[in-house]
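Let's take a walk through a protein model and see what holds its parts together. Have a look at the structure first, then read on.

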Amino acid sequence: MSGLSRPPYRAGVELFSRSWDALREAVAGLRDEDFARPSGCAGWLVRDLVCHLVIDAQDVLITLATPAEAAPTADAATYWHLGQDPPSGEDPLDALTVRLAAAYRDPRLLAFHLDDVGSAAGRAARLANPGALVGTQDMVLTVRDYLGAYVLEWTLHHLDLTAHLPGTAGPPAEGLAASRALLERIAGEPFPASCADTDALLTGTGRRAPTRAERDRLGPLAGRLPFVLG
């Protein structure tokens with residue numbers, strides 16, 4: 001089932017964990033030379049993307065350790081805000097990530113750091129109360145919604161990781177489906193049922209341009225692409 005006719009989007013700890021574990025396993029299986037290949041993120045090599053994942057894992061740990069007492073102000077969909085321009089890799093924070101990644105002269109050290117911090121983030125997510133409230137980026141969310149938002153983060157970056165590494169396993173099907181459903185919630189309308197989950201995510205977020213046939217199927221939605229998530 002696809003589009004807004006799907007059951008309401010629910011991504012709990014289990015789906016967060018499966019998506020995150022799959023992404024970390026994909027990184028662990030990379031060869032040293034793979035870290036110097038391009039990623040699906042504009043301006044970033046694979047090593048830059050992996051460094052970003054380390055920062056993401058730290059953010060998860062920080063947020064899960066930041067309880068909030070106020071009522072929720074966001075959910076998994078409104079956690080994301082839409083930007084105007086796709087990232088180019090020239091943003092100051094993106095450039096900092098590139099410099100940090102370059103400091104890891106041995107890619108195995110970078111992979112080890114991700115495994116170390118990433119494992120801790122995964123454990124923290126499994127131990128967290130899904131109904132508890134946490135604060136991040138001036139928002140208050142339930143742990144369930146926060147982790148649900150990160151299923152989309154992990155899935156998109158898994159696609160970024162494998163963009164130029166065709167032999168590397170991609171994200172799990174259930175993560176793709178949940179991420180598509182969340183992107184449709186953010187967009188406020190569904191992608192055509194004939195559009196595969198991976199294609200909806202790649203074209204929907206501007207990671208690749210839709211083909212002419214896809215634009216025809218998308219109809220008016222094509223004019224709203226891409227949805228730049230930040």
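A salt bridge here is a side-chain nitrogen of Lys or Arg within 4 Å of a carboxyl oxygen of Asp or Glu. Keep in mind that this is a predicted model. Arg180 is buried, with a relative accessible area of 1%.

By this rule the count comes to 16 salt bridges. Here are some of them:

| Pair | N to O distance | Helices |
|---|---|---|
| Glu174 and Arg18 | 2.7 Å | H6 and H1 |
| Asp115 and Arg24 | 3.5 Å | H4 and H1 |

Glu174 is partly exposed at 35%, and Arg18 is partly exposed at 34%.

Next, the inside. The largest nonpolar core has 64 residues, and Phe16, Trp20, Tyr146 and Leu161 have the most contacts within it. Which helix gives the most to this core? That's H5, with 11 residues. H5 runs from residue 143 to 162 and reaches 28 Å from its first C-alpha to its last. H5 is mostly covered, too: 18 of its 20 residues are buried. In soluble globular proteins, nonpolar side chains tend to be buried together.

Helix H1 is worth a stop as well. Its buried residues include Phe16, Trp20 and Arg24, and the buried residues of H1 pack against H2, H4, H5 and H6. Leaving aside neighbours within four places in sequence, Trp20 is in contact with several residues, among them Leu53, Leu114 and Trp154.

Leu93, Leu96 and Leu100 make a nonpolar surface patch of about 260 Å². Leu96 is found in helix H3, and at 35% relative accessibility Leu96 counts as partly exposed.

Technical notes:
Residues numbered from 1 in each chain as written. Predicted model: local features only at pLDDT ≥ 70, side-chain atom pairs only at ≥ 80, totals over all residues. Heavy atoms only, no water. Helix = DSSP H or I, 4+ residues; strand = E, 2+ residues; numbered from the N terminus. Expected span 1.5 Å × (residues − 1). Buried < 20%, exposed > 50% of the residue type's maximum accessible area, 1.4 Å probe, protein only. Patch = residues over 30% accessible without salt bridge, like charges linked within 9 Å, V, L, I, M, F, W, Y side chains within 5 Å. Areas by Shrake-Rupley, 256 points an atom, 1.4 Å probe, with all protein chains shown as cover. Core = buried A, V, L, I, M, F, W, Y, C linked by side-chain atoms within 4.5 Å. Contact = heavy atoms within 4.5 Å.
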